[in-house]
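Open the structure in your viewer and follow the stops below in order. At each stop, select what is named, then read what is there.

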Amino acid sequence: MTYHNLKFEIRDNVALITLDRPKALNALSSDLMDELTAAIRACEADDAVGAVVITGSEKAFAAGADIGELKAHDFSRAYLEDLITRNWEEPARARKPVIAAVAGYALGGGCELAMMCDFIIAADNARFGQPEIRIGVVPGAGGSQRLTRFVGKSKAMEMCLTGRMMDADEAERAGLVSRVVPVAELVEEAVKTAQGIAELSRPAVLAAKELVNTAYETTLSEGIRAERRLFHAMFATEDKDEGMAAFLEKRKPKWKHR
């Protein structure tokens with residue numbers, strides 16, 4: 001597929017997707033989100049890809065949704081087109097790990113896109129926010145829900161009601177991002193992290209991702225039950241035998257991904 005609003009490349013076993021609308025600070029237009037959906041689906045279908053990194057520019061991961069597009073919608077059009085739902089949720093649906101590498105502004109839809117990923121590595125110049133209240137609307141791509149789960153009610157409420165931005169250090173303290181790195185090292189560090197994940201047993205990686213996500217969707221007792229069942233299921237894989245044998249033999253495992 002030819003992409004016009006993003007760059008797509010494969011680095012060994014990792015797909016690097018770079019949002020590329022520099023004049024609009026990577027505002028998330030419908031065309032861009034269609035391309036992002038297609039790119040992630042291509043990664044899911046490619047056995048050579050073990051993990052995905054989504055990034056933007058040093059100035060902006062994504063400064064929000066494309067307000068010029070949104071302004072043209074009324075309720076009927078938004079509802080009938082299934083605005084956002086139709087082509088925004090693919091990062092959250094992906095089974096393979098998806099890492100957001102965020103530099104600069106991640107505001108509104110940009111913050112929401114980052115939160116759809118499995119975790120966020122932030123550059124030291126990153127800024128996160130949900131400023132929708134300042135244009136007379138509310139978050140629409142999960143901002144009020146995911147942000148609250150990540151940072152708690154008080155901080156999420158303040159950000160959604162005031163539009164205040166959170167810098168990288170605060171985002172790390174609050175649990176929104178996994179860690180902060182220098183902006184010049186962001187993409188390489190994110191790709192290196194993704195490669196480390198991609199080199200592990202694919203069944204174990206997918207299962208681990210599923211279980212952490214389950215923790216947000218169910219009770220503790222049901223989550224523990226799900227964990228125990230998938231832990232038991234790992235004993236049916238060839239990678240379990242290889243991984244344990246390699247550990248006992250003090251060598252590097254040779255994963256078969258089955």
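Two residues count as being in contact when they have heavy atoms within 4.5 Å of each other. Keep in mind throughout that this is a predicted model.

**Stop 1: helix 6 and helix 7**

Select residues 143–151, which form helix 6, and residues 153–162, which form helix 7. Now show the side chains where the two helices touch. On the helix 6 side these are S144, L147, T148 and V151. On the helix 7 side, they are K153, K155, A156, M159 and C160. Sorted by class, this contact holds five nonpolar, two polar and two charged residues.

How far apart are the axes of helix 6 and helix 7, and at what angle do the helices pack? The axes are 7 Å apart, and the angle is about 140°. Angles over 145 degrees would count as roughly antiparallel, so helix 6 and helix 7 are classed as oblique to each other. The crossing of helix 6 past helix 7 is right-handed.

While these helices are on screen, look at the spacing of the selected side chains. An α-helix has 3.6 residues a turn, so residues three or four places apart point the same way.

**Stop 2**

Side chains of opposite charge can pair when their charged atoms come close. Select E158 and R164, which form a salt bridge with their closest N and O atoms 3.1 Å apart. E158 is partly exposed at 35% relative accessible area, and R164 is also partly exposed, at 25%.

**Stop 3**

Move to R251 and E249. They form a salt bridge too, and their closest N and O atoms are 2.6 Å apart.

Next, select K155, E158, R164 and E170 together. Salt bridges with shared partners join these four residues into one network. Over the whole structure, a search finds 19 salt bridges.

**Stop 4**

Select K250, in the segment after helix 12 (238–248). K250 is not a glycine, yet its phi is positive, at about 55°. K250 is exposed, at 76% relative accessibility.

H257 also lies in the segment after helix 12. What is the phi of H257? It is positive, about 60°, although H257 is not a glycine. H257 counts as partly exposed, at 34% relative accessibility.

**Stop 2: K209 and D118**

Select K209 and D118. They form a salt bridge in which the closest N and O atoms are 2.9 Å apart. Which parts of the chain does this pair link? K209 sits in helix 10 (residues 202–215), and D118 is in the loop between helix 5 (109–116) and strand 7 (119–123). The two residues are 91 residues apart, so the pair links distant parts of the chain. K209 is buried, at 11% relative accessible area, while D118 is partly exposed, at 30%.

**Stop 3**

P97 lies in the loop between helix 4 (90–93) and strand 5 (98–102). P97 is buried, at 8% relative accessibility.

**Stop 4: helix 5**

Select helix 5. How many of its eight residues are buried? Eight of the eight are, and the helix is mostly covered. The buried residues are G109, G110, C111, E112, L113, A114, M115 and M116.

**Stop 5: helix 10 and helix 11**

Finish with helix 10 and with helix 11 (residues 220–234), whose axes come within 10 Å and cross at roughly 175°. Helix 10 and helix 11 are therefore roughly antiparallel to each other. From helix 10, P203, A204, A207, E210, L211 and T214 take part in the contact. From helix 11, G223, A226, E227, L230 and M234 do. By class, the contact of helix 10 with helix 11 has seven nonpolar, two polar and two charged residues.

How values were computed: Residues numbered from 1 in each chain as written. Predicted model: local features only at pLDDT ≥ 70, side-chain atom pairs only at ≥ 80, totals over all residues. Heavy atoms only, no water. Axes fitted to C-alpha atoms, helices over the stretch in contact; angles between N-to-C directions. Helix = DSSP H or I, 4+ residues; strand = E, 2+ residues; numbered from the N terminus. Parallel < 35°, antiparallel > 145°, perpendicular 65-115°, else oblique. Left-handed = near helix turned anticlockwise from the far one by under 90°. Nonpolar A, V, L, I, M, F, W, Y, C, P; charged D, E, K, R; others polar. Salt bridge = Lys/Arg side-chain N within 4 Å of Asp/Glu carboxyl O. Buried < 20%, exposed > 50% of the residue type's maximum accessible area, 1.4 Å probe, protein only.
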